[in-house]
Amino acid sequence: MPDTSRSEHQSAAVPPAHRPLAGRVAVVTGSTSGIGLAILERLAGAGASVVMNGLGDPGIIEAELDRIRRDHDIAAAYVAADLTDAKACADLIATAAERLGRVDILVNNAGIQHVAPVESFPPEKWDAIVALNLSAAFHTIRASFGAMKARGWGRVINIASAHGLVASPYKSAYVAAKHGIIGLTKTVALEGAECGVTANAICPGYVWTPLVERQIEDQARAHAIPRERVVKEILLAKQPTKAFAEAGEVGALAVFLASDAARSITGTALPVDGGWTAQ
Ligand code: NAD
């Protein structure tokens with residue numbers, strides 16, 4: 001008979017249903033904008049203290065953090081690390097732990113895109129995309145995983161993409177990095193499995209954010225067509241719902257994956273893509 005008693009990895013006290021992450025500390029990379037900001041806000045809404053990271057105007061970022069602290073009654077800090085640099089990734093985790101006590105939930109979300117045919121894809125864009133979209137996640141996981149395992153509880157959530165599961169033309173670096181982060185997710189899921197640490201990837205389809213807005217212009221150039229045709233014939237053509245997903249939907253899934261209810265979900269790549277990868 002399997003042992004069905006409460007395991008050492010479960011917390012003894014069940015948190016209130018509306019604040020399932022009360023007492024947890026979350027770092028969300030690239031959370032000054034788009035999907036990362038929505039994830040940060042949802043985690044804060046679920047009671048987690050949060051560390052924001054990403055580029056942007058310091059005044060706007062501080063005002064946003066103040067609002068999040070007030071709205072959700074949690075502690076929040078900002079760490080401005082450029083995550084294309086390995087040392088900055090490790091420093092982000094160290095600074096987050098120093099300021100908020102520890103890191104229980106790590107969301108690797110920061111990402112960039114560049115769209116061009118492979119034969120003219122700039123090598124420096126390849127390097128930057130692989131550094132931020134893949135290597136940064138390795139460096140932040142490396143810096144936080146040991147402490148999660150030692151405490152017997154942790155959550156790694158990597159924001160991959162439908163492009164982690166399938167490819168599209170002109171996105172060689174992005175597709176390679178996103179496939180890579182799913183492999184990284186599976187590996188660390190196995191390494192954390194006996195220690196109460198889960199690792200999962202979320203694979204959004206098209207979500208309307210500044211990253212997609214910039215891509216429309218690039219795609220228009222690559223395909224030599226106007227932007228309205230890019231949205232209809234290239235972006236949403238792949239998405240059977242014919243609608244952009246909302247950043248908050250990705251945030252809601254991140255909250256669930258971070259909760260105790262998801263402790264047996266690990267090593268997965270979960271699409272939020274309106275049916276794109278069902279095809
Ligand atoms: P976005 O451009 O709105 O946000 C990107 C975030 O990353 C920003 O906070 C930015 O400041 C930060 N960032 C950029 N360079 C950085 C650096 N060097 N160091 C630290 N932070 C840096 O983009 P988004 O659409 O919200 O994308 C977020 C994630 O979701 C990315 O990993 C992206 O690949 C993924 N994704 C997006 C979509 C979509 O349709 N928008 C679909 C699938 C996956």
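I looked up asparagine 133 and found it buried, at a relative accessible area of 2% (buried is under 20%, exposed over 50%, partly exposed in between, with a 1.4 Å probe and protein chains only). I am working on a predicted model, where local features need pLDDT of at least 70, side-chain atom pairs count only at pLDDT 80 or more, and totals for chains, interfaces and linings use all residues. Residues are numbered from 1 along each chain as its sequence is written, and side-chain values use heavy atoms, with hydrogens and water left out.

I placed asparagine 133 in helix H4, residues 123-151 (a helix is a DSSP run of H or I of at least four residues, a strand a run of E of at least two, numbered from the N terminus). I listed its contacts (heavy atoms within 4.5 Å): leaving out residues up to four places away in sequence, asparagine 133 touches Ala110, Gly111, Ile112, Tyr174, Ala177, Lys178 and Ile181.

Next I checked the ligand. I found 31 residues around it, the closest being Ser33, Asn109, Tyr174, Val207 and Thr209 (a heavy atom within 4 Å). I noted a ligand oxygen 2.9 Å from an N or O atom in the side chain of lysine 178. The ligand taken alone exposes 840 Å², of which the protein buries 94% (Shrake-Rupley areas, 1.4 Å probe).

Last, I went to helix H8. I count 9 of its 12 residues as buried, among them Val250, Leu253 and Leu257. The buried residues of H8 pack against helix H1 and strands E4, E5, E6 and E7.

Note on methods:
A polar contact is a pair of N or O atoms within 3.5 Å; within protein, one must be able to donate a hydrogen and the other to accept it, and residues adjacent in sequence count only if both atoms are side-chain atoms.
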